[in-house]
Amino acid sequence: MTNLIKGPALFLAQFVSDEAPFNSLPSIVKWAADLGYKGVQIPTWEARIFNLEKAASSQSYCDEISAVCASHGVTITELSVHLQGQLVAVHPAYDTAFDAFAPLHLQGKPDERQAWAVDQVVKAAKASQNFGLNVAVGFTGSLAFPYMYPWPQRPAGLVEEAFSELARRWKPILDVYDELGIDLAFEIHPGEDVFDGTTFDRFLGALDNHPRCKILYDPSHFLLQQLDYLAFIDIYHERISAFHVKDAEFNPTGRQGVYSGYSDWTDRAARFRSLGDGQVNFTSIFSKLTQYGFDGWAVLEWECCLKHPEQGAAEGAPFIANHIIRRTDKAFDDFAGGTTDKTALRKMMGF
């Protein structure tokens, strides 16, 4: 039996820059392929390597992009709309910070910025269809997150109203994805309103269990919250459509815990690490995803507070490859079996 999980793949967002080989799609894809990656997840906001407007409107452009990747033996795994998805829902407290995610002419104009973000996410659905993909990935944005900790006491109905509004913004988008046959897998991520299983349930409920509302599973965010990331797979495996392979560690002290006291990343109790340097049990994760039939891509997202990204990427490809399970089509005790018929079975039970 062939492998269910595909990979290794690499999310390019953290690597694109003005320096070669990271400043054009052909060169960054060749670099990734030379490291052993078979797929790339493309950040659709990165004009240095991708043009979302063209991808949404031109099949020939998508064919050209696919051909560039294929020439190096690499497949496009998903299109990412993390930054644009964030701007679909922004609490005013974060307006200034998230302006950096939008074009200059929209900064300081939250309503126009939000309309642009919706258009971008919709175009990603059309582009995904042009590429023959069946899932895109992104963020939900946040309206309630500033009130995550219940002090001062939240007014009754605030959370419900926030999730109702979040769903109101996302349902028309998800309807377009449904028409085009594309899942939208939201990364469950602190800072977003959907940051754990309970908040995903709230969001999904407000969306009337929309069939295209799916999950981008990233265990690092769960470990940092001290959530059971293996049980999460048991509960939500039918909604998991994408997978970020990212490591993390949680080392509480007498001075800080999950919230980490506003410390810089290197000084935090909860911090991201390169694959194999943290505490995430990837052997069990790959086993559970295989058990439940996940057949998507295992995509490295490099975020590490210590290790250089190029070293993390170089080490990540073999790490993922070594964790992908070739699922057996045999039972370990087949050698001891025999043929039986109904009469024999009934005889064994004394009938």
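Entry 1: I began with Ala9, and its bridge partner in β10 is Val299. Strand β10 covers residues 297-300, and three bridges join it in parallel to β1. I count strands as DSSP runs of E with at least two residues and helices as runs of H or I with at least four, numbered from the N terminus. Two strands are paired if DSSP finds at least two bridges between them.

Before going on, I noted the ground rules. This is a predicted model, in which local features need pLDDT of at least 70 and side-chain atom pairs count only at pLDDT 80 or more, while totals for chains, interfaces and linings use all residues. Residues are numbered from 1 along each chain as its sequence is written, and side-chain values use heavy atoms, with hydrogens and water left out.

**Entry 2: the whole barrel.** Which strands make up the closed barrel? I followed eight of them in the order β1-β2-β3-β4-β5-β6-β7-β10, with parallel pairing. From one strand to the next the twist averages 30 degrees. For angles, axes are lines fitted to C-alpha atoms (for helices, over the stretch in contact), and values run from 0 to 180 degrees between N-to-C directions.

Helix α7 packs on this sheet and touches β4, β5 and β6 (213-217). The direction of α7 makes about 135 degrees with that of β5. Contact here means heavy atoms within 4.5 Å.

Entry 3: I then walked across neighbouring strands. β2 (residues 39-43) pairs with β3 in the parallel sense over four bridges, and Pro43 stands opposite Ser80 in β3. β3 and β4 pair in the parallel sense over three bridges, with Ser80 opposite Val137 in β4. β4 (residues 135-138) and β5 are parallel too, over four bridges, and the partner of Ala136 in β5 is Leu184.

Burial came next, with buried meaning under 20% relative accessible area, exposed over 50% and partly exposed in between (1.4 Å probe, protein chains only). In β3 (residues 75-81), six of the seven residues are buried. In β5 (residues 183-187) five of the five are buried, so this strand is largely enclosed by the rest of the structure. Asp183, Ala185 and Glu187 point one way from β5, whereas Leu184 and Phe186 point the other way.

**Entry 4: helix α6.** Buried residues of α6 include Arg113, Gln120, Lys123 and Phe131. Just after the helix, Gly132 takes a positive phi of about 75 degrees.

I also checked the packing of α6 on α3 (residues 59-70): the angle is about 65 degrees and the axes are 9 Å apart. Gln59, Cys62, Ile65 and Ser66 of α3 meet Ala127, Asn130 and Phe131 of α6. I sorted these contact residues into four nonpolar, three polar and no charged. The classes are Ala, Val, Leu, Ile, Met, Phe, Trp, Tyr, Cys and Pro as nonpolar, Asp, Glu, Lys and Arg as charged, and the others, Gly among them, as polar.

Entry 5: Most residues other than glycine have a negative phi, and most peptide bonds are trans. My list of exceptions is below.

- Ala20 and Pro21 are joined by a cis peptide bond with omega about 0 degrees, and Pro21 sits in the loop between β1 (6-11) and α1 (25-35).
- Trp151 to Pro152 is cis as well, with omega near 0 degrees; Pro152 lies in the loop between β4 and α7 (158-180).
- Gln226 has a positive phi near 65 degrees and lies in the loop between α9 (219-225) and α10 (229-236).
- Ser260 has a phi near 65 degrees, in the loop between β8 (247-250) and β9 (270-273). Ser260 is buried, at 1% relative accessible area.

**Entry 6: Val159.** My last stop was Val159 in helix α7. Is this residue buried or exposed? At 15% relative accessibility, Val159 counts as buried. Leaving out residues up to four places away in sequence, Val159 touches Arg154 and Arg202.
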